[in-house]
Amino acid sequence: MFRNQYDTDVTTWSPAGRLFQVEYAMEAVKQGSAAIGLRSKTHIVLGCVNKANSELSSHQKKIFKVDDHIGVAIAGLTADGRVLSRYMRNECINYSFTYESPLPVGRLVVQLADKAQVCTQRSWKRPYGVGLLVAGLDESGAHLYYNCPSGNYFEYQAFAIGSRSQAAKTYLERKFENFTDASRDDLVKDAIMAIRETLQGETLKSSVCTIAVVGVGEPFHILDQATVQQMIDAFEIVGEQEAPDAAAGQEASAEPEPEPEQGAAAGEGVAPMDI
Amino acid sequence: MTKQQANWSPYDNNGGSCVAIAGADYCVIAADTRMSTGYNILTREYSKICKLADKCVMASSGFQADVKALQKNLAARHLIYQHQHNKQMSCPAMAQLLSNTLYYKRFFPYYSFNVLGGLDNEGKGCVFTYDAVGSYEKVGYSSQGSGSTLITPFLDNQLKSPSPLLLPVQDAVTPLVEAEAIDLVKTVFASASERDIYTGDKVEIVVVNAAGIRREYMELRKD
């Protein structure tokens, strides 16, 4: 994407019929650290990679609880994400107050999308630079939506956004047919595996990722580090055995990973800001 | 020319009584379950008690439509607080919020007479008592509603601590144990039901302590 004379204003069309500012906003999403979501018939799992500015700082919060039945994971400008989460929380509270029932997820994403669209049609505004994976449960079942800065929204069975998300998407595309009937624990495992794909060689430990679950009988909550680390340890052992079978001759480098990890898991790096 | 009087009132009084007693590590909040209008009973099984936070419970008598609106308002504000602070509101914080919410409608008040009970940050029982426009005070025990004129003198006799101006400073909370306080509450409601027509049917007793919140009921006179 090159600089050109049609990209100064969000309200300027290019001759090819594109709004460059909106497309640049979507680039911001691609630069953010990865976030993934996947769903079954009864549960949705969100996961994200924690990026800290330096060894000294804590990492940013990228997964927000919006209501007992809705949660959101963001990628891109986290400040914009925080503001939109606050808006979503407010909408849920107001709906509950008026109708004494939880806000249907489909309604919330439309409101969010319309809010994003406004910013693409006012010369004094700029688009939100954040992509949101909205996970929610309502009467019509489990849903996972992706809201873009452009004001579009899509429903997904599984999706990944942010940097190196293509690796996760490839993994999800391979496995998604099993998700509908998967158990809650299998779904969480798949989420962790998808996150591992985005790390591409970095050691996978619970301080690097955050996982959140919402489902039937299970209000939205973020899993604590210990639980996540346990799940990682559990399937790392399986992963060790799988690697020789996986791709004949392709993944020789995968083998040395497991051993240093078991030691690394005990000594933690940066602690997250809050849970 | 005499001044024109209103031919309609936005308020109604649904009657009932509420009581709360604070102990060293517990708090008892109780209210009868009768909802009436005029000389009629609307229902014998209406709860006037609402859990606002983990360790904070409110009982309100007066106009129940206003009470319901007030409870919903506080519940919504509490959710916002939880999102922002990542924790539940403490009882003293909720007490201040309730006072501000009531005063906000100073010129069209919530017709709601409240007692707030729960545990403070140190786990000690606390009771806050309010008027309709938010004036409040932390006390060791309190009663509001139609039976309060019958109940308060009895509680004063059993629980009143000496003047707070005396030294050494005495705690407002009662030295009674939980079981004794519950017994006192039952006695008090049984007595109030005898003479107050708006109090009766059942008393709902809620106990807040370190283990959590539990609820029990006792039958009262149905007349």
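Chain A and chain B bury about 780 Å² between them, 58% of it on carbon and sulfur atoms. Buried area is the accessible area (1.4 Å probe) that two parts lose on being put together, summed over both. Arg89(A), Ile93(A) and Phe97(A) supply 61% of the area that chain A buries against chain B, more than any other three residues.

This is a predicted model: local features need pLDDT of at least 70, side-chain atom pairs count only at pLDDT 80 or more, and totals for chains, interfaces and linings use all residues. Residues are numbered from 1 along each chain as its sequence is written, chains are lettered from A and ligands numbered from 1 in the order in which they are written, and side-chain values use heavy atoms, with hydrogens and water left out.

## Who takes part

Ten residues of chain A and seven residues of chain B make the contact (heavy atoms within 4.5 Å). One salt bridge is counted between the chains. Lys72(B) forms a salt bridge with Glu100(A), and the closest N and O atoms are 3.0 Å apart. The term means a side-chain nitrogen of Lys or Arg within 4 Å of a carboxyl oxygen of Asp or Glu.

On chain A, β3 (63–67) and α2 (78–99) each supply at least two residues of the side that touches chain B. Helix α2(A) gives the most, with four residues. Helices (H or I, at least four residues) and strands (E, at least two) are DSSP runs, numbered from the N terminus. By class, this side of chain A has four nonpolar, one polar and five charged residues. Ala, Val, Leu, Ile, Met, Phe, Trp, Tyr, Cys and Pro count as nonpolar, Asp, Glu, Lys and Arg as charged, and the others, Gly among them, as polar.

## The sheet from β10 to β12 in chain B

Five strands of chain B form an open sheet in the order β10-β1-β2-β11-β12, with antiparallel pairing. Two strands pair if DSSP finds at least two bridges between them. Strands β10 (141–145) and β12 (212–219) of chain B stand at the edges with a single partner strand each, so one side of each is left without a neighbour in the sheet. Neighbouring strands are turned by 15° against each other on average, direction ignored. Axes are lines fitted to C-alpha atoms, for helices over the stretch in contact, and angles run from 0 to 180 degrees between N-to-C directions.

Inside this sheet, β2 (residues 26–32) and β11 (residues 202–209) of chain B pair over seven bridges. Cys27(B) stands opposite Val208(B) in β11(B). Two helices pack on the sheet. Helix α3 (residues 148–159) of chain B touches β1 (17–22) and β10, and its direction makes about 170° with that of β10(B). Helix α4 (residues 178–195) of chain B touches β1, β2, β11 and β12, and its direction makes about 15° with that of β2(B).

## The sheet from β5 to β9 in chain B

Another open sheet of five strands has the order β5-β6-β7-β8-β9 in chain B, again with antiparallel pairing. Its edge strands are β5 (49–53) and β9 (136–139) of chain B. Here neighbouring strands are turned by 25° against each other on average, direction ignored.

Strands β6 (residues 56–62) and β7 (residues 112–119) of chain B are joined by seven bridges. Ser112(B) in β7(B) is the bridge partner of Gly62(B). Helix α1 (residues 64–85) of chain B lies across β5, β6 and β7, running at about 160° to β6(B).
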